[in-house]
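Here is a short briefing on one protein structure. Keep the sequence and the 3D view open as you read.

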Amino acid sequence: MGNACVSGNISPPDYVILVKTGDVKGAGTDANVFIALFNKEGIRSRDIPLNSKWKNDMERGSTDRFPVTNLANFGQVCKIELWRDTDGAMDSWFVERVEVICEKSGEREVFPIHRWLKALKRHTFLCNDCLLPQFDERKQERKEELEEKQMLYELECKVEGLIPQVKTFPSDESFSDDYKWDIIKNRTKLFVHVKLMDVKTKEWTSLEDIERVYNDQLPVPYGMNNWRSDVEFGSQRLTSCNPNQIRRCTEIVKNLAVSDEMLKPLLEGLTIQEAIDAKRLYILNYKILKDLPCSYGRKICAPIGLFFVNKEKNLMPVAIQLFQDPAEDNPVFLPTDPEYTWLLAKMWFNNADASYHQSATHLGFTHLIVESIAVATHRTLSPSHPIFRLLAPHFLYLIAINYRALGKLVSEDGWVDQCMSIGRIGMFEIIVRTKPSWRLDVEGTLPADLKNRGVDDSEALPNYHFRDDALLNFEAIQTYVAEVVNGTYDDPVKLAEDNEIQEFAETLTKPSNEGGAGVLGVHGNGKFTTNAELIGALTAIIYTSSVGHAAANFAQYDEYAFPPNYPSLMRVPEPPRDKSPRSEKDVIDCLPEKEKTLSIMLVTKILSDRGTNSLGDFEVEYQFDPIGKKAVESFRKDLLRVGAIIDERNATRASPYLYLHPKEVPNAISI
């Protein structure tokens, strides 16, 4: 049949049409699908059925090939019309893209779709489908499409004071392969492969008892062999999973009960003020944890830790005060204290650090803040918008993992309640307390954050591998974003007249009780008036979605999987209140029971696995327009350069820092 498009055609085709169905739940269709082509002169082809006689086409994740005949000399295709009917048991259809290849010229025109196609509605798409709303001939269709998405993507605070999330989980945000992402099922599967050495007792009897657990399924974590070392304890502030809290000490806080007499032997003969003036003194002050309510009435410390850069360029702990208010039963612990007394002080400090890490650094200000931004993106930017196409790869599976994690791990009596001192009550409270001071243009923008914390001087604070490697990635992302933004908005009028991008800016900053994301410190403060403002915001978003999350996430197993190294749960209710000598038994008594310990090991192992492609290697391609395509190519080359520099650095580092190599950084928060 001349009008048919079937794989069994004998005549040489004039065109080949490739149709990629999306890899999302329910994406495939059994409906009849049709396409019409438009050439540069606006001439429309006949209606062409897309149907393969010999295979079940339009299946989820598939790419189907359809030869088209009787269209000789039709010319370059610049627009398509695509539609489906309601036949078949499963007629819904999510299309990723359509490609039209002219057999004579070899020209390939790409039509990115990334949409569900409504039944009996003829959808039109332009080549590359990447244009600002003011230049789109389909203005009404674009407006209606956004209105429909706004009904699917609404923002809501699930807990009062928390960062808003999507109100109802949209089905097309589901994972493509559910079995890969079931944390509880995977934990159970790993559990079967791990045998505790003594199953007759609930508690550990020695540190060696824990060490015997590790095997092929649970390799020895980095922290097991380093947890006693003060050098490694200092290094945790710079290269662990919570590396963005250390700050330069410019004065001793009044409630930290240290003196020159106490610290001078630990400061290589310097007074405290001399160490401050030389930029050699650094501090972590967790006053935000004071009187924190926790699940089951548990208690955690609100410690202050003081650190000193010694002559060997190592950041060394010199003082730990476990509570904010000085008192006789709240001493300042020192490295010169009895061995296990000092070890316990470090463990309680790390328990507080881990609590802040999982709550604010990890869940709050990667997972949740980016979800609120992703929802704002879906509400305001058409899939045809160049900035939507820039951001979309960095939201892959984010909403799905948040939905699953909160439902499985942060649920009442779930993993966080069982395996973290703070539990879900403390976790949410830390986010609520941190949210009013977190800003996208400071904490979310790496160079500004480093400067704000006084840690941007690599000479003063060496071996800060997170800072050094993260900056390389940040700059590559910024260059990539700038190429897209400056190419798209080559005239300031284009930015000013782009109603979608301005609504995006407004939604980001609008308070959550008014339906917005409530993000503080968005560049431009609710209106993008310059390219620089837009570049700043988008760079921070992509960085947080990729590099920021990688830094917080992928060191988890190395840190948490040997509990004395970075304890998420302390079983005894109180830390040491005096400096009397302790023993290994006191350390063992603090550790969670065997089953909870194993659960901590298994879950952090799963969370430390990479689930998606590395940065710049996008699972779903969105940018086919000349500006975006060129920017992606340059970005990938830049990331290769960054990787080579990090490889060179790691060759001379005492311990390689692998977490922020571009090959190890996923595009999105998908685990």
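Predicted model: local features only at pLDDT ≥ 70, side-chain atom pairs only at ≥ 80, totals over all residues.

Residues are numbered from 1 along each chain as its sequence is written, and side-chain values use heavy atoms, with hydrogens and water left out.

**Terms**

- Helices (H or I, at least four residues) and strands (E, at least two) are DSSP runs, numbered from the N terminus.
- Buried means under 20% relative accessible area, exposed means over 50%, and partly exposed is in between (1.4 Å probe, protein chains only).
- Contact means heavy atoms within 4.5 Å.

**A region from the record**

- UniProt lists residues 13-131 as "domain: PLAT", in an unreviewed entry. Such annotations may be inferred rather than shown by experiment.
- In the model, residues 13-131 are 0% helix and 45% strand. The end C-alpha atoms of this span lie 31 Å apart.
- I17 sits in strand β1 (residues 15-21). I17 is buried, because its relative accessible area is 0%.
- Beyond residues up to four places away in sequence, I17 touches I35, L37, L50, D64, R65, F66, V68, V98, E99 and V100.
- I17 and A257 are 240 residues apart in sequence, and their C-alpha atoms are 74 Å apart in space.

**Two helices that cross**

- Two packed helices are described by the angle between their axes and the distance between the axes.
- The axes of α7 (residues 339-380) and α15 (residues 499-509) come within 9 Å and cross at roughly 145°. Axes are lines fitted to C-alpha atoms, for helices over the stretch in contact, and angles run from 0 to 180 degrees between N-to-C directions.
- From α7, the contact uses I373, A376, T377 and T380. From α15, it uses E500, E503, F504, T507 and L508.
- I541 lies in helix α16. At 1% relative accessibility, I541 counts as buried.
- I541 touches I373, L391, F395 and F504, leaving out residues up to four places away in sequence.
- I541 and H394 are 147 residues apart in sequence, yet 8.7 Å apart in space, C-alpha to C-alpha.

**A histidine in α7**

- H362 is found in helix α7. H362 counts as buried, because its relative accessibility is 6%.
- Setting aside neighbours within four places in sequence, H362 is in contact with H357, H367, H549, A552, N553 and Q556.
- The C-alpha atoms of H362 and N565 are separated by 19 Å, and these residues are 203 apart along the chain.

**A covered helix**

- How many of the 14 residues of α19 are buried? Twelve are, so α19 is mostly covered. Among them are L598, I600, M601 and L602.
- The 14 residues of α19 (residues 594-607) should span 20 Å at 1.5 Å a residue, and the end C-alpha atoms are 20 Å apart, which agrees. The expected span is 1.5 Å times one less than the number of residues.

**Positive phi in two loops**

- Most residues other than glycine have a negative phi.
- K313 has a positive phi, near 70°. K313 is in the loop between β13 (304-309) and β14 (315-321), and is partly exposed at 44% relative accessible area.
- N525 also has a positive phi, near 55°. N525 is in the loop between α15 and α16 (531-553), and is exposed at 67%.
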